[in-house]
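Hello,

Here is the structure I promised to pass on.

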Amino acid sequence: MADFDSAGLPSFDLQVDASGLKCPLPILRAKKALAQIESGQVLLVITTDQHAVQDFQAFSRQTGNELLAQQAEAEKTLHFLRRR
């Protein structure tokens, strides 16, 4: 189970900044980063693409990697994925 900070967001092991990238590039970056971490570890992906929320929900369902949280902040959205 992931630890959560005072804002209620999961702690993470690796961060990928996909700001400015359009679909499918944030998903491809996430897929590559997930391959670099161990099962159970958490990846944070930062995106600015307005479709990324739905894209990461679909990616999670299709791959079995758990989507722990999605947090919108100004122009960015944070996506927390736990590797299966």
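Strand β1 runs parallel to strand β2 (residues 42-47), and five bridges join the two. One of the facing pairs puts leucine 14 opposite leucine 43 of β2. A word on the terms: helices (H or I, at least four residues) and strands (E, at least two) are DSSP runs, numbered from the N terminus, and two strands pair if DSSP finds at least two bridges between them.

Before you go further, please note that this is a predicted model, in which local features need pLDDT of at least 70 and side-chain atom pairs count only at pLDDT 80 or more, while totals for chains, interfaces and linings use all residues. Residues are numbered from 1 along each chain as its sequence is written, and side-chain values use heavy atoms, with hydrogens and water left out.

**The sheet**

The sheet is open and has four strands, in the order β1-β2-β4-β3, with mixed pairing. β1 (14-18) and β3 (66-73) are the edge strands with a single partner each, so one side of each has no neighbour in the sheet. From one strand to the next the twist averages 15°. As a reminder, strands of a sheet pair through backbone hydrogen bonds, either parallel or antiparallel.

β2 and β4 run antiparallel and are joined by six bridges; here valine 42 faces arginine 82 of β4. β3 and β4 are antiparallel too, with seven bridges. Among their pairs, glutamine 71 has leucine 78 as its bridge partner, and alanine 69 has phenylalanine 80. Two residues lie between the strands of this β3 and β4 hairpin, where alanine 74 has a positive phi near 50°.

How much of β4 is buried? Six of its seven residues are, so the strand is largely enclosed by the rest of the structure. Buried here means under 20% relative accessible area, exposed means over 50%, and partly exposed is in between (1.4 Å probe, protein chains only).

Helix α2 (residues 52-63) lies across β2, β3 and β4 (76-82), and runs at about 175° to β3. For such angles, axes are lines fitted to C-alpha atoms, for helices over the stretch in contact, and the angles run from 0 to 180 degrees between N-to-C directions. With 12 residues, α2 reaches 16 Å from its first C-alpha to its last, close to the 16 Å expected at 1.5 Å a residue; the expected span is 1.5 Å times one less than the number of residues.

The buried residues in α2 include Ala52, Phe56, Phe59 and Ser60. These four cover an arc of only 100° around the axis, which puts them on the same side of α2. The arc is that of the directions from the helix axis to the C-beta atoms. On the face turned away from that side sit the exposed residues Arg61 and Gln62. The cover over the buried residues of α2 includes α1 (25-34), β2, β3 and β4.

α1 has its own buried set: Pro26, Ile27, Ala30, Ala33 and Leu34. Viewed down the axis of α1, they fall within an arc of 125°, so they line one face of the helix. Exposed Lys31 and Lys32 are on the face turned away from it. β1, β2, α2 and β4 are among the elements covering the buried residues of α1.

Asparagine 65 is in the loop between α2 and β3, and at 6% relative accessibility it counts as buried. A polar atom of its side chain lies 2.9 Å from the backbone nitrogen of arginine 84. (A polar contact is a pair of N or O atoms within 3.5 Å; within protein, one must be able to donate a hydrogen and the other to accept it, and residues adjacent in sequence count only if both atoms are side-chain atoms.) Beyond its neighbours within four places in sequence, asparagine 65 is in contact (heavy atoms within 4.5 Å) with residues including Leu34, Phe59, Leu81 and Arg84.

Threonine 48 belongs to the loop between β2 and α2 and, at 31% relative accessibility, counts as partly exposed. A polar atom of its side chain lies 2.7 Å from the backbone nitrogen of glycine 20.

Best wishes
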